[in-house]
Amino acid sequence: MQDWEVVIGLEIHAQLTTHTKIFSGSPIAYGAEPNSQANLLDLGMPGQLPVLNKAVIPKAIRFGLAVGANIGRRSVFDRKNYFYPDLPKGYQTSQFTYPIVEDGGSLEIEVDEQTRRIGITRAHLEEDAGKSIHDAFPGMTGVDLNRAGTPLLEIVSEPDMRSAQEAVAYARKMHELVQFLDICDGNMQEGSFRVDSNVSIHKPGTPFGTRAELKNINSFRFIEQAIEFEIERQIEIVESGGEVIQETRLYDPERNETRSMREKEEANDYRYFPCPDLLPVVIEQTDIDQEARAMPELPDAKRVRYQENWGLSQEDAQMLTASRAMADYFETLVDLTGEAKKAANWVMGDLSKALNQDGLTIDRSPVSAKMLAGLMARIDDGTISGKMAKQVFAAMWAGEGHADDVIEAKGLKQITDEGAIGEMVDRVLAEHPDQVAAYQAGQEKMLGFFVGQVMKASKGQANPAQVNAVLKARLAQA
């Protein structure tokens, strides 16, 4: 590996968050019965004319602005011609010479505490193909065209990455960005965010080597494993005197290997030409200005603000901006409570733990930010202790109501009456004279023992701070 330099570029297919396909009115809901969401246009029937879904244009503009790229004022749809069983038209409607997002864009990544800027060559609009299903019918392949025509933004990077770790960092950063921009839901399991990796090797100071494309990987872990395998495969070929051929390969995660799928075509093999059924898309400055005004605060800026304004650590800020939904929940909680650090602890602690255990995303949390703020308020006003709050949260998560409802139903109000606490303290001290003597002899750690006994006597409902204060006063007088 030390004798070789690795060159990696990624092509990311982000499915845009529209309700219908890019050129037809067919819905794109995930999980429908095969071929139930494909109309005559999607099936490639003669005489059917495409109509551009105008909802895709502002989403592409928004992405271009976010990465600092040039927006193509006149973008053209082309026909990319090739045969595949799940492409009934015999061509894919895409963009080639005049994409919606031109050059000039970039994305910063951080690997091993080193920041690198990865260039973005272009991002173009296109339709997805269908899906071939190989394991549903013995000896046959099924074709599901529900996905045919689904709107995609294909984001093509410069070949600026030099390791599998950098490629994964870039893919993760892009995954985060498209979700924050609300242009893609980022669901990799459903195929909404797929990554093709172009990998080559060469000796430093020599021209780039022949690249192989690793197709349609939908897991960050698999991206890293596939690239690492491919690097080793290419090095072994070249060092054995062979030549790497330009091809498309599939990654098999069960065997942790890549396998040849087909030889990789060049652009001229696709016989691109402008689609005669679609007019060029002309974008005015007013369209760009409108998207610029609607641009949300981006993740990097959010992280800086969390650290500078609220005193959060870099690690905490990173976790709280893992998704736009997470950041929105956290910021709502801060607005309601005015307690950024306490809010961060709750979101990253009990809330995240519960979400992970139940396999939920934060936008499906049964405890809303308003409900959690209500729980935090009961801690602040002394109604319940921090320990009791965990019981209340668990009950809220189980659907037993808001904090006040749970506290009332379970009788979890904290004991704050100093007279009642004093009686419990006196009883505990009277029952443990040896421990009192040990404390007075200098064993101050016995205070914790007494606190525990009082809390036990109160069934956990005595205010811990008051218990400590009363104990210290009584012990000083003994």
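Before you pick anything, note how angles work here: axes are lines fitted to C-alpha atoms, for helices over the stretch in contact, and angles run from 0 to 180 degrees between N-to-C directions. Helices (H or I, at least four residues) and strands (E, at least two) are DSSP runs, numbered from the N terminus. What you have open is a predicted model, where local features need pLDDT of at least 70, side-chain atom pairs count only at pLDDT 80 or more, and totals for chains, interfaces and linings use all residues. Residues are numbered from 1 along each chain as its sequence is written, and side-chain values use heavy atoms, with hydrogens and water left out.

**Stop one: H8 and H9**

Select 340–358 (helix H8) and 369–380 (helix H9): their axes come within 11 Å and cross at roughly 120°. That makes H8 oblique to H9 (angles under 35 degrees count as roughly parallel, over 145 as roughly antiparallel, 65 to 115 as roughly perpendicular and the rest as oblique). The crossing is right-handed; a crossing is left-handed if the near helix is turned anticlockwise from the far one by less than a right angle, and right-handed if clockwise. Now show side chains: Lys342, Ala343 and Trp346 of H8 touch Leu372, Leu375, Met376, Ile379 and Asp380 of H9, with contact meaning heavy atoms within 4.5 Å. By class, that contact has 6 nonpolar, no polar and 2 charged residues (Ala, Val, Leu, Ile, Met, Phe, Trp, Tyr, Cys and Pro count as nonpolar, Asp, Glu, Lys and Arg as charged, and the others, Gly among them, as polar).

**Stop two: H5 and H7**

Next, pick 299–310 (helix H5) and 324–337 (helix H7), which pack at an angle of about 25° with their axes 13 Å apart. That makes H5 roughly parallel to H7, and H5 passes H7 in a left-handed crossing. Look for Lys302, Arg305, Tyr306 and Trp310 in H5, meeting Ala327, Phe330, Glu331 and Val334 in H7. The tally by class is 5 nonpolar, no polar and 3 charged residues.

**Stop three: the sheet of 8 strands**

Switch to cartoon and follow the open sheet in the order S5-S6-S9-S1-S10-S11-S12-S13, with mixed pairing. Two strands pair if DSSP finds at least two bridges between them. Strand S5 (105–111) and strand S13 (257–263) stand at the edges, each with a single partner strand, so one side of each is left without a neighbour in the sheet. On average, neighbouring strands here are turned by 30° against each other, direction ignored. Zoom in on strand S11 (residues 212–217) and strand S12 (residues 247–252), paired in the parallel sense over 3 bridges; Glu213 has Thr248 in S12 as its bridge partner.

H1 lies across strand S6 (114–127) and strand S9 (151–157), running at about 165° to S6. Helix H2 (residues 164–180) lies across S1, S5, S6, S9 and strand S10 (193–202), at about 120° to S5.

**Stop four: the sheet of 3 strands**

Another open sheet runs S4-S3-S14, with antiparallel pairing. Its edge strands are S4 (91–94) and S14 (273–274), each pairing on one side only. Strand S3 (residues 78–81) is joined to S14 by 2 bridges, and Asp78 stands opposite Pro274 in S14.

**Last stop: an aromatic pair**

Select Phe23 and Phe77, an edge-to-face pair at 5.3 Å centre to centre with 85° between the planes. Rings of Phe, Tyr and Trp (its six-membered ring) pair if their centres lie within 6.5 Å; planes under 30 degrees apart count as stacked, over 60 as edge-to-face and the rest as tilted. Phe23 lies in the loop between strand S1 (5–15) and helix H1 (56–66) and Phe77 in the loop between strand S2 (74–75) and S3, so the pair ties together parts 54 residues apart in sequence.
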